[in-house]
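Here's a quick briefing for anyone opening this structure for the first time. Have a look at the sequence and the model, then read on.

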Amino acid sequence: SRRRFRDSIQRAANVPPFDYFIDRYPGNDANQGSLFSPWQTLAPLNALSSGTAAGKAVALLGGTWREQLTLPGINMRVRGIGNIPSIIRGDDPVIGFTLAAGIVYTAALATSRKQVFVGNARATKASSLAAITDKQWWWAGGVLSYASAAGNPDTIGLVIEASVRSASIDTNAKDGWDLDSLVLLRSNADE
């Protein structure tokens, strides 16, 4: 259980002290960010002033965050700990596809995407909307187009995700940070 896991973290002699803890479940951003009262998202950490965050150590207690980590201070240490990987993703799911024409389905997306994934595979970008073929994508004018001969991606169970963040981590051009045991996936910078 998470409670036993936290107790083992607190007792472990080889674990360096952490100033803040972030845990998807049962964290809450209204919490203090402590071991037994962790934050849920990266937002409270991102909101710290550079003076408050300087020299601090942060533990991500395993899970997936679909948001950008913006390091607010210098000499910060951010470490993923536990049996579950700590993953910071630059992509979000795309839903709400409707048939546009033939086998092409469209969904609204506000900004240009450099990567689209179907399942766990990177999808192929068509050379143009006019040239799109099965299992290819195209983005233009706030609309993602995906060609699927099998039918509407939403109704046939295709998981389509598009890179939406420019990077998984923004260092704010600060030096001296230490990142360890984090998995960074699918930001637009990963193209």
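Gly-176 is a partly exposed residue, with a relative accessible area of 45%. You'll find Gly-176 in the loop between strand E16 (169-170) and E17. Keep in mind while browsing that this is a predicted model.

- Gly-176 is in contact with Asn-75 and Met-76, leaving aside its neighbours within four places in sequence.
- Gly-176 and Gly-55 are 121 residues apart in sequence, yet their C-alpha atoms are 8.9 Å apart in space.
- Further along, Ser-181 sits in the loop between strand E17 (178-180) and strand E18 (182-185).
- Is Ser-181 buried or partly exposed? Its relative accessibility is 45%, so Ser-181 counts as partly exposed; the buried class is for values under 20% and the exposed class for values over 50%.
- Not counting residues up to four places away in sequence, Ser-181 touches Gly-80 and Ser-86.
- Ser-181 and Pro-17 are 164 residues apart in sequence and 16 Å apart in space, going from C-alpha to C-alpha.

**The chain as a whole**

- The chain has four helices and 18 strands.
- Its C-alpha trace spans about 60 × 40 × 25 Å along the principal axes.
- Of the 191 residues in the chain, 44% are buried.
- Take the contacts between residues at least 6 apart in sequence: 59% of them join residues at least 24 apart.
- How far apart are the mean positions of the positive and negative charges? They're 3 Å apart, for 19 positive and 16 negative charges.

- Strand E8 (residues 98-101) runs antiparallel to strand E9 (residues 104-108), and three bridges pair them.
- Within that pairing, Thr-98 stands opposite Thr-106 in E9.
- E8 and E9 make a hairpin with two residues between the strands, where Gly-102 takes a positive phi near 60°.
- E9 also pairs with E14, again in the antiparallel sense, over five bridges.
- Strand E13 (residues 136-140) is another antiparallel partner of E14, with four bridges between them.
- Which residues have Tyr-146 in E14 as bridge partner? Tyr-105 is one of them, and Trp-137 is another.
- E13 and E14 form a hairpin too, with two residues between them, and Gly-141 in the turn has a positive phi of about 60°.
- Strand E14 (residues 143-147) is mostly covered, with four of its five residues buried.
- As background, strands of a sheet pair through backbone hydrogen bonds, either parallel or antiparallel.

**A four-stranded open sheet**

- This open sheet has four strands in the order E7-E15-E10-E11, paired in the antiparallel sense.
- Which strands are at the edges? They're strand E7 (91-93) and strand E11 (121-122), and each pairs on one side only.
- Strand E10 (residues 116-118) and strand E15 (residues 160-163) run antiparallel and are joined by three bridges.
- Phe-117 is the residue standing opposite Glu-161 in E15.

**Aromatic pairs**

- How many aromatic pairs does the structure hold? There are two.
- Phe-18 and Phe-21 form an edge-to-face pair, 5.8 Å centre to centre with 65° between the planes.
- Both Phe-18 and Phe-21 are buried.
- The rings of Tyr-20 and Trp-39 form a stacked pair, because their centres are 5.0 Å apart and their planes are at 20°; stacked is the word for planes under 30 degrees apart.
- Tyr-20 lies in strand E1 (residues 20-22), while Trp-39 is in the loop between E1 and helix H2 (43-46), so the pair ties together parts that are 19 residues apart in sequence.
- Tyr-20 counts as buried, at 13% relative accessibility.
- Trp-39 is buried as well, with a relative accessible area of 6%.

Definitions and conventions. Residues numbered from 1 in each chain as written. Predicted model: local features only at pLDDT ≥ 70, side-chain atom pairs only at ≥ 80, totals over all residues. Heavy atoms only, no water. Pairing = 2+ DSSP bridges. Buried < 20%, exposed > 50% of the residue type's maximum accessible area, 1.4 Å probe, protein only. Contact = heavy atoms within 4.5 Å. Lys, Arg positive; Asp, Glu negative; His and termini not counted. Charge placed at Lys NZ, Arg CZ, Asp CG, Glu CD. Phe/Tyr/Trp six-rings, centres within 6.5 Å; stacked < 30°, edge-to-face > 60°.
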